Amino acid sequence: MFRQLLGRLGIFLLSLVAASFAIFVITQALPGDVAAVILGHGATPEQLAAKRAELGTDRPFLVQYLEWVTAMLGGDFGRSWFSHLPVTTLMAPRLGVTGSLVSGGLLLAVLIALPLGAVAALRRRQWPGLLTSATAQVGMAIPAFWAGIILVFVFGVLLRWLPPNGYVPLGRDPGRWASHLVLPVVTLGVIQAAVLVRYVRSAFLEVLAEDYYRTARSIGWTKWRALSRHGIRNASLSLVTVLGLQLASVIVGAIVIERVFVLPGLGSLLLDAVATNDLVVVRGITMVLVFAVLLINAAVDISYVLIDPRLRAREAS
Amino acid sequence: MKRAELWVGLALVTAVVAMALVSFVWTPFDATAVGSGPRLQSPGLPHVLGTDHMGIDIFSRILVGARSALYVGIIAVGIAALVGVPLGILAAWLPRWGAEAMMRATDVAYAFPALLLAILLAAVFGASTETAMVAIGIATIPAFIRVTRAGALSVLASDYVLAARAAGTPAPAIAVRHVLPNVAHLIGVQASVSFAMAILAEAALSYLGLGTPPTVPSWGRMLGDAQTYLFGHPTQALWPGLAIAAAVLGFNLVGDGLRDFLDPKLREVA
């Protein structure tokens with residue numbers, strides 16, 4: 001098992017190198033001279049040369065890449081081309097916003113999708129199952145930002161139950177922090193749940209086709225008992241994998257949701273940086289987001305080995 | 001039931017395609033002329049869905065918007081299939097370590113969702129429909145690689161491929177004559193589902209102002225504009241969203257329906 005874990009870790013590190021290289025290549029591919037872009041048309045050749053030296057763009061490509069990676073390992077993501085603040089300083093206050101949104105959304109999605117997916121599988125030929133599947137199908141087709149806009153209108157404008165947008169830090173006022181996060185989390189969670197329901201459903205359907213399930217039923221257990229005793233544990237293996245894969249879309253979904261609800265998270269910072277062509281910030285945030293996705297994927301892989309005795313046994317035999 | 005799914009999906013897709021085609025020859029009003037009508041009209045006559053903040057007929061913009069959605073979908077899925085399918089067949093053919101390396105690379109690519117890649121490319125090359133299409137297309141390649149490889153693996157293990165090999169048929173000929181036709185249905189299903197995802201991604205990008213430019217009507221951007229006027233004119237935010245949902249639902253249902261129709265063995269699986 002140790003060897004397997006080490007293997008997964010190696011794959012994670014390799015992925016990280018590959019991903020960071022891809023990000024670096026793309027953000028370095030800017031047609032033309034970055035220094036010229038920053039300084040504008042009126043810059044003298046001396047100013048340009050000085051700027052290039054300052055940015056390090058006058059050195060070989062691989063050297064720049066290695067410097068970038070080494071600096072990041074030391075916690076230095078560079079400085080914004082425009083505000084000249086360290087990227088980490090810009091990101092720090094926003095991590096909590098995006099973190100709350102993503103974790104809240106994912107949690108809500110699971111809480112909705114688990115029971116609904118079970119219903120959709122167990123009652124798949126009756127109206128509760130069909131209705132659940134149909135609702136999930138429609139939910140998958142709804143753009144999250146549209147759902148957000150509708151929720152803003154209903155609960156923020158029409159009923160005035162919740163603030164339509166904005167953010168209050170947890171430390172300043174926990175109540176208002178929560179009230180500002182309700183709509184974004186619900187938007188993200190419900191739309192994500194629609195996607196998740198299908199996976200939960202098929203995970204449970206696989207269990208329903210298993211021998212141990214049939215045995216449990218044949219000794220007189222009810223469907224629900226058989227499923228809750230055997231189903232959830234067995235289905236959880238594929239669910240963990242799916243959750244890991246879904247995380248990428250939750251994180252990306254959060255970028256859009258932050259824009260809908262004007263939340264000051266990483267997504268808004270990323271979009272602002274795109275608008276001002278601040279590639280150092282764009283690169284830094286993309287790297288953080290991709291790192292998070294890869295880390296979770298690796299954790300899922302590793303937990304898979306830890307959870308499933310069959311995978312461990314394969315190694316031993 | 002499953003057949004009904006396919007029919008509903010086909011009806012929705014046909015409706016969206018029809019909207020796009022009709023918009024080439026006829027729209028009730030000019031879909032791009034700013035100030036051609038009264039601003040922010042509620043639904044009624046002659047503007048059935050009302051007008052937006054620029055005085056443009058919303059129904060006309062919805063019709064033309066179908067073009068943008070389909071355009072991005074076709075190009076993005078086209079890129080993904082043209083690159084992904086050959087790579088998928090290749091991955092099925094490679095020796096074990098080669099295939100392993102390739103599928104690991106595919107996994108890494110999965111960490112770049114379409115939207116993130118599109119934002120990254122928009123930051124470097126500027127936001128445009130082309131950037132969005134290419135980004136969505138590239139991000140969809142891994143899905144095609146996986147599906148094609150899975151299908152190709154079982155085809156390559158079949159007796160008729162063995163026979164073709166024994167007869168000395170060169171590998172490229174086997175790929176084209178035997179593998180491709182037998183994985184075509186899988187690719188078709190994937191294309192339909194990816195089309196739906198491409199429409200969603202384009203809508204989100206346009207909403208963020210990183211996709212279709214303001215001068216070209218697109219459903220996502222219409223929603224972005226509508227949000228600004230949500231307080232006084234909420235119905236504006238309804239139509240483009242419904243259009244997106246209908247198009248995405250249509251392609252998803254066609255994908256699902258096609259999967260069951262073409263291959264009953266796959267029924268009940270995801």
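These are my notes on a few places I looked up in this structure, which is a predicted model.

**Entry 1: the contact between the chains**

The size of an interface is often given as the accessible area lost when the parts come together. Here, I noted about 4,000 Å² buried between chain B and chain A. Carbon and sulfur atoms give 78% of that area. I then looked up who takes part: 50 residues come from chain A and 42 residues from chain B.

Next I went through the polar side of the contact. I found four residue pairs in polar contact between chain B and chain A, with both residues at pLDDT 80 or more. For salt bridges between chain B and chain A, the count is one. Its partners are Arg198(A) and Asp256(B), whose side chains meet at 3.1 Å, N to O. On the chain B side, I listed the helices that each supply at least two residues touching chain A: H3 (96-110), H4 (114-125), H7 (171-207), H8 (219-228) and H9 (239-262).

**Entry 2: a surface patch on chain B**

Which residues form the nonpolar patch on the surface? I wrote down Val17(B), Leu21(B), Val22(B), Phe24(B), Val25(B) and Trp26(B). Together they have about 630 Å² of accessible area. I checked Val17(B) on its own and placed it in helix H1 of chain B, residues 2-25. Val17(B) counts as partly exposed because its relative accessibility is 32%, and the class runs between 20% and 50%.

**Entry 3: Leu243(A)**

I located Leu243(A) in helix H10 of chain A, which covers residues 223-260. Its relative accessibility is 26%, so Leu243(A) counts as partly exposed. Leaving aside residues up to four places away in sequence, I found Leu243(A) touching Leu106(A), Val110(A) and Leu196(A).

**Entry 4: Ser158(B)**

Is Ser158(B) buried or exposed? I have Ser158(B) down as buried, because its relative accessibility is 15% and the cut-off for buried is under 20%. As for its place in the chain, Ser158(B) lies in the loop between helix H5 (129-156) and helix H6 (159-166) of chain B. I followed its side chain and found that it reaches the backbone oxygen of Val155(B) at 2.5 Å.

Notes:
Residues are numbered from 1 along each chain as its sequence is written. Chains are lettered from A and ligands numbered from 1 in the order in which they are written. This is a predicted model: local features need pLDDT of at least 70, side-chain atom pairs count only at pLDDT 80 or more; totals for chains, interfaces and linings use all residues. Side-chain values use heavy atoms; hydrogens and water are left out. Patches are made of residues with over 30% relative accessible area and no salt bridge: like charges are joined within 9 Å, nonpolar side chains (Val, Leu, Ile, Met, Phe, Trp, Tyr) within 5 Å. Accessible areas come from the Shrake-Rupley method with a 1.4 Å probe; for residues, only the protein chains shown count as cover. A salt bridge is a side-chain nitrogen of Lys or Arg within 4 Å of a carboxyl oxygen of Asp or Glu. Helices (H or I, at least four residues) and strands (E, at least two) are DSSP runs, numbered from the N terminus. Buried means under 20% relative accessible area, exposed over 50%, partly exposed in between (1.4 Å probe, protein chains only). Contact means heavy atoms within 4.5 Å. Buried area is the accessible area (1.4 Å probe) that two parts lose on being put together, summed over both. A polar contact is a pair of N or O atoms within 3.5 Å; within protein, one must be able to donate a hydrogen and the other to accept it, and residues adjacent in sequence count only if both atoms are side-chain atoms.
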